Amino acid sequence: MTLATMPPHKRSRDEEDSLSTATATTPPPQKRSKEEEDRLSMLTDDILLSILGRLDSRMAVRTSVLSTRWKHLPWLLTELTIDVKDFLPDPCPDPVEENHIDQAMVSLTKATRSFLANQHRESAVSNLDLRLYLINTFMCEIGSLVGDAVDGGLLKDFELAVLDKTDPRDCSDENMLQRAKEMDGFFSAYPSVPHCLTWLSLQNVNFGNLDMHHVLFECCKELKHLSLYQCDTGFWSLFKIDAPSSKLCVLELIKCRFGRLEVVCLPKLEKLSWDVWVSEGVPLAFGSVPSLEELELSCGAICDQNAFKLSELLHGTTSIHTLTLDFQGEKLWVLPEMKQLCTAFNKLRELRVRGIFVEFDILWTSAFLVAAPSLEVLQIEVWEHPCDADDDREGSFSERRSPHWEMDFQDSKNLMLNELEFVGFKSLEEQFTFIRSILQRSPNLEKIVLKREEQCDYCDAFDVPSKFPKKDEQDMVAGRIRGGIFSPQIIFDD
């Protein structure tokens, strides 16, 4: 029983005095709230704007009614993010219902109109990040508001994410073609909008009946970041990007169905990532990409996909320092190579080889080390998902076969390699063999990080215990790795 709940006749005189003093000196909740508000209001505009900038747009607007001190602040924000998902019900049903989308878009349109209203705004907007659904009845007003803000000098940079509630697997080509037509119509009706776009994200758009290059690279001349989720010109189509004047720095492709993508010229491109392709051969080719430093390739090879030479794909690149290859637990989609990769790997500093099926040999990855003498960080991830049942793979993916690469190391060393990260470590003999082989060829390897396997939400339902070394096993594991010869720092990150 606490002091505050004890009956009065059970309290001592000292306790009574203590309680009386506490009650007398503690302001009532309403008064405390008022005092806290006053303390906040004493902060400078810069600090208050920094606080507002961390809130979603709906909450930021609500602060304007706190007091006259806060009334003008939301319209002093120079960087705005207005996300339609902030206006959906919480929790939101899955899939999202049409009436919820319409109501959310009404609220988003009102918020955009309010933030860009000349009578309220006291300073220009340096960046507007707008995330919405592609609905013509709302896009007309959004286009007009943004276009007028750009033309009036009120808005400098515009970021646009066009969402789609339809699951990609349920999206027909007819719907995807229609979405492309609507996007092209939106850009044509409000030309100031694409001219100030610096970041664009699209979902489920098929440009098969339009000039995709014109829409994305000729109309959007200021574009620096482009993200495409199942956007293309149709199954197994060839798409070429030749944009010497483009400012594009980042290109992200997810489940885009190009038969082949040729990046003929993108002089400012720094990073390209492609997650899942349908190509039967080499999916990607490079021409002039002098700034390309980071490349991420991730795909689970399906039955009709053939392995290809990585050196052929990388031909034309000269500055890649970070490379990620993710096989998603399926067969390798690269052919055995070593010396052929030396030119492309000349400046490679960080290599991530992920999604290697747990039953595969991993010594073949050492071939990459021979081709990358300047490598500093190596990450290996072993794939083992309890949810990955063979029944679900049948008919889609090829038979998993452990890779066997013939390699001649010729006593080569990786003198700059200082960190090895192993994700999905399970104390298997082949894993110890691999790590010791890396230590033998890397005399300056200082740190080894061992991590547990990365499981998905589906795996959690199987409730399979982790095989990662327990606390009382870790000293033994570290001893086996060092073998009385090596002395790297070994970190168990579970």
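In what follows, Ala, Val, Leu, Ile, Met, Phe, Trp, Tyr, Cys and Pro count as nonpolar, Asp, Glu, Lys and Arg count as charged, and the others, Gly among them, count as polar. The model under discussion is predicted.

The account begins with the pocket. Rolling a probe the size of a water molecule over the atoms shows where empty space is left. In this model, the largest pocket holds about 1500 Å³ of space. Its lining comprises 37 residues, and those nearest the centre of the pocket are Arg169, Lys255, Val276, Gln328 and Phe397. Sorted by class, the lining of the largest pocket contains 16 nonpolar, 15 charged and six polar residues.

Several secondary-structure elements contribute to this lining. At least two lining residues come from each of strand 5 (225–232), strand 14 (377–383) and helix 12 (390–393). Strand 14 gives the most, with three residues.

The second topic is the packing of two helices. Helix 5, spanning residues 98–115, packs with helix 6, spanning residues 136–151, at an angle of about 15°, and their axes lie 10 Å apart. Angles under 35 degrees count as roughly parallel, and helix 5 and helix 6 are therefore roughly parallel to each other. The crossing of helix 5 past helix 6 is left-handed. On the side of helix 5, the contact is made by Asp102, Met105, Val106, Leu108, Thr109, Thr112 and Arg113, while helix 6 supplies Phe138, Glu141, Ile142 and Leu145. By class, this contact of helix 5 with helix 6 has six nonpolar, three charged and two polar residues.

Terms used: Residues are numbered from 1 along each chain as its sequence is written. This is a predicted model: local features need pLDDT of at least 70, side-chain atom pairs count only at pLDDT 80 or more; totals for chains, interfaces and linings use all residues. Side-chain values use heavy atoms; hydrogens and water are left out. On a 1 Å grid over the protein atoms alone, a cavity is a set of points where a 1.4 Å probe fits but cannot get out, and a pocket is an open set with protein on both sides within 12 Å along at least five of seven lines; lining residues have an atom within 4 Å of a point. Grid points are joined across faces, edges and corners, and a volume is the space filled by probe spheres set on the points. Helices (H or I, at least four residues) and strands (E, at least two) are DSSP runs, numbered from the N terminus. Axes are lines fitted to C-alpha atoms, for helices over the stretch in contact, and angles run from 0 to 180 degrees between N-to-C directions. Angles under 35 degrees count as roughly parallel, over 145 as roughly antiparallel, 65 to 115 as roughly perpendicular and the rest as oblique. A crossing is left-handed if the near helix is turned anticlockwise from the far one by less than a right angle, and right-handed if clockwise. Contact means heavy atoms within 4.5 Å.
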